[in-house]
Amino acid sequence: MKQSAIIWPNDYLPGTTDNFASNEIIVAGIGAKEVWAQLNDTTLWPTYYSNAQDIRFLDGSGPELSANARFRFTTFGFPVEALVTEYVPPVEGEAARIAWHGWVEGDANARLDVIHAWLFEDLPGNRVRILTQESQKGVPAQELARAVPNPMINGHQEWIVGLANAARKVNGITTTAVCSPSPQPSP
């Protein structure tokens, strides 16, 4: 079986930016549509992810994500402004995708630019693959890359496990998802 991959803009190719985080889990009992519903509705984020606050839309859209939606939220202590750059809802036989370009305004020492991408892929046996990756540029990204343990890896792991558990709960599954964190890259 061939797995889908994140589609990166050239300026954000992993390995060419200041920091990169990748988290992936595979969970039984739910599908891409259930997971999509939990991420797409931003009012749900704080119910399963402690690192997303103050979510508001700047363009009159929302609270659901959509193509080209502009929104702002606070995460990892940063006030992030974001623009949805990829929006492909789940359809049978295709991976669902959401990505946004996020940025934190500031001078050369404070400016942060990221692409945060999500992929949800149905797998045989009533399983779903949940992948989130973030590629970052800027001095704050360089500082995050040096931190051990990596706060991006740990924070995004909380997000995908919380996302899976929220989808399982909506689907009537009361047990939590059994997930293993992605290995951390060597410093």
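A residue is called buried here when its relative accessible area is under 20%, exposed when that area is over 50%, and partly exposed in between, with a 1.4 Å probe and protein chains only. This is a predicted model, in which local features need pLDDT of at least 70 and side-chain atom pairs count only at pLDDT 80 or more, while totals for chains, interfaces and linings use all residues. Residues are numbered from 1 along each chain as its sequence is written, and side-chain values use heavy atoms, with hydrogens and water left out. Helices (H or I, at least four residues) and strands (E, at least two) are DSSP runs numbered from the N terminus, and contact means heavy atoms within 4.5 Å.

**Helix α3**

- In helix α3, which spans residues 139-146, the buried residues are P140, A141 and L144.
- Viewed down the axis of α3, these buried residues fall within an arc of 100°, so they line one face of the helix; the arc is taken from the directions from the helix axis to the C-beta atoms.
- The cover over the buried residues of α3 includes the strands β1 (19-28), β4 (78-88), β6 (112-123) and β7 (127-137), together with helix α4 (151-170).

**Helix α1 and its packing on α4**

- In α1, the buried residues are A32, V35, W36, Q38, L39 and N40, and what covers them includes α2 (45-48), β4, β5 (96-104), β6, β7 and α4.
- Helix α1 (residues 32-40) packs with α4 at an angle of about 115°, their axes being 9 Å apart, where axes are lines fitted to C-alpha atoms over the stretch in contact and angles run from 0 to 180 degrees between N-to-C directions.
- The crossing of α1 and α4 is right-handed, the term used when the near helix is turned clockwise from the far one by less than a right angle.
- On the α1 side, E34, V35, Q38 and L39 meet W159, L163, A166, A167 and V170 of α4.

**Nonpolar cores**

- A nonpolar core is a set of buried Ala, Val, Leu, Ile, Met, Phe, Trp, Tyr and Cys residues joined through side-chain atoms within 4.5 Å.
- The largest such core has 36 residues, of which L39, W45, F71, W100, W118, F120 and I130 touch the most other members, and its largest share, six residues, comes from α4.
- A second, separate core holds nine residues, among them A95, A117, L119 and L131.
- Leaving aside neighbours within four places in sequence, I130 is in contact with N23, E24, I25, V35, L119, F120, I160, L163 and A164.

- E86 lies in strand β4 and counts as buried because its relative accessibility is 17%; beyond four places in sequence, E86 is in contact with I7, R97, I98 and A99.
- E121, in strand β6, counts as buried at 8% relative accessibility, and its side chain makes a polar contact of 2.9 Å with the side chain of S4.
- A polar contact is a pair of N or O atoms within 3.5 Å; within protein, one must be able to donate a hydrogen and the other to accept it, and residues adjacent in sequence count only if both atoms are side-chain atoms.
- Not counting residues up to four places away in sequence, E121 touches K2, Q3, S4, A95, R127, V128 and R129.
- Q133, in strand β7, counts as buried at 13% relative accessibility, and its side chain makes a polar contact with the side chain of S22 at 2.9 Å.
- With residues up to four places away in sequence not counted, Q133 touches I6, W8, F20, A21, S22, I115, H116 and A117.
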